[in-house]
Amino acid sequence: MLPLQAVFKIIVRNLTKTGYPFPLNKDRCHRWAKELNIPKNKETILYTSCLYQLVPYINAMVKLLEKAEHSSFWRFGIKAYSTLSILDKFSGLFIRVSDKDMEPVYEILKSIALLLKRVNVDYGYLYEDDIYSGALLYDLGLDELFQQHAEKVNEILRKNNVKKIITIDPHTHHMFNTIFPKYIDNFDFEVINYLSILSEKLENSAKNNNEVYTIHDPCLYARWEEIINQPREILRKIGVKIIEPRRTGLNTSCCGGPIESMTPLMSKAVALGRLNELKEASDKVITLCPICLANLGRYAKEMKMQVKDIATVIFEELRKST
């Protein structure tokens, strides 16, 4: 059995020291934006929480935890890592992520940025000030630590004179749009999701298209934030056919990702169950969330399925039509 207290201790220590739940190299978080030369000083900003950038680290962490579920040696290693902060210097020995591992998430982020430019949205990016939203602290019920982290994020946004935040994932959107205002009295920024922008501004470019996908709605978008029709409207505009799974929209089913740091085996079982359900509709799946992309994508190959982020699908289809 996993030493959950040790796992939580590692996550919290990373968050308090670096602003991220895993030992993410800060340059890796922002490198994609530097390559696009996105300006910084704008009132409207694209905020990533570095969540897509964390996907390769999450995958590496899950591999480590899977070993620990079967090996007392690795369980001891996790306990030692959680106790001795000096081992943070050697985190790369435990959680190995290469530049090549980062390339797929960079492509997703670049696709989102270029799609917003395509519909003439003027925005900037905070670079080193684009830190994690703290969603995991909230999910774990660590209210005091979450409050402190939320105040830190709020201070950063105010320091940068931000007025409007464009979110790109359900966890960050839910934090900023629904949760932060309950904890921070002056969290009065305008919050909008990039899918809402694209569904309104993207022009109809539908052509004959043989691509057929099914779609997996993330729980937070569907049940909390009323982002269900927007991705479907975008896909309709670009001519992508969607076959809905049995459980969809408000009745969507979890990908299993939220429990991957506590019990990878159960997380895998949930993911395989959802993949089986999605496969009834199509073996090509569109996700709208980096956590869903990570957890479903991790096991898709053994199911002979393909999992793609919606930004990738939109960008690829629009490139075909030009």
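The second largest pocket holds about 450 Å³ of space in this predicted model, where local features need pLDDT of at least 70, side-chain atom pairs count only at pLDDT 80 or more, and totals for chains, interfaces and linings use all residues. Residues are numbered from 1 along each chain as its sequence is written, and side-chain values use heavy atoms, with hydrogens and water left out.

**Pockets**

A pocket is an open set of points on a 1 Å grid over the protein atoms alone, where a 1.4 Å probe fits and protein lies on both sides within 12 Å along at least five of seven lines; lining residues have an atom within 4 Å of a point. Grid points are joined across faces, edges and corners, and a volume is the space filled by probe spheres set on the points.

The lining of the second largest pocket has 20 residues, and P104, V105, I108, L293 and V307 lie nearest its centre. Two or more lining residues come from each of α3, α6, α14, β8 (306–309) and α15; helices (H or I, at least four residues) and strands (E, at least two) are DSSP runs, numbered from the N terminus. The most is given by α6, with 6 residues. This lining divides into 9 nonpolar, 4 polar and 7 charged residues, where Ala, Val, Leu, Ile, Met, Phe, Trp, Tyr, Cys and Pro count as nonpolar, Asp, Glu, Lys and Arg as charged, and the others, Gly among them, as polar.

The largest pocket has a volume of about 620 Å³. Its lining comprises 34 residues, with D139, H171, G257, P258 and I291 nearest the centre. The elements that give two or more residues to this lining are α3, α7 (135–139), α9 (170–183), α11 (219–224) and α14 (290–300). Here α3 gives the most, with 6 residues. By class, the lining of the largest pocket has 27 nonpolar, 5 polar and 2 charged residues.

**Salt bridges**

The whole structure has 22 salt bridges, each defined as a side-chain nitrogen of Lys or Arg within 4 Å of a carboxyl oxygen of Asp or Glu. Three of them are tabulated.

| Pair | N to O distance |
|---|---|
| K42 and D122 | 3.2 Å |
| K320 and E211 | 3.9 Å |
| R236 and E233 | 2.8 Å |

K42 and D122 meet in a salt bridge. Because K42 lies in the loop between α2 (26–36) and β1 (44–47) and D122 in the loop between α6 (99–118) and β2 (124–125), the pair ties together parts 80 residues apart in sequence.

K320 and E211 also form a salt bridge. This pair links distant parts of the chain, with K320 in helix α15 (residues 310–321) and E211 in the loop between α10 (194–201) and β5 (212–216), 109 residues apart. K320 is exposed at 54% relative accessibility, whereas E211 is buried at 19% (buried means under 20% relative accessible area, exposed over 50%, partly exposed in between; 1.4 Å probe, protein chains only).

R236 and E233 both lie in helix α12 (residues 229–237), 3 residues apart, about one turn of the helix. Salt bridges that share partners join D27, R28, R31, K34 and D99 into one network.

**Cysteines**

There is 1 disulfide in the structure, a disulfide being a pair of cysteine sulfur atoms within 2.5 Å. It joins C29 to C50, with an S to S distance of 1.5 Å. The link of C29 and C50 is left-handed, with -70 degrees about the S-S bond. C29 lies in helix α2 and C50 in the loop between β1 and α3 (51–70), so the pair ties together parts 21 residues apart in sequence. Both C29 and C50 are buried.
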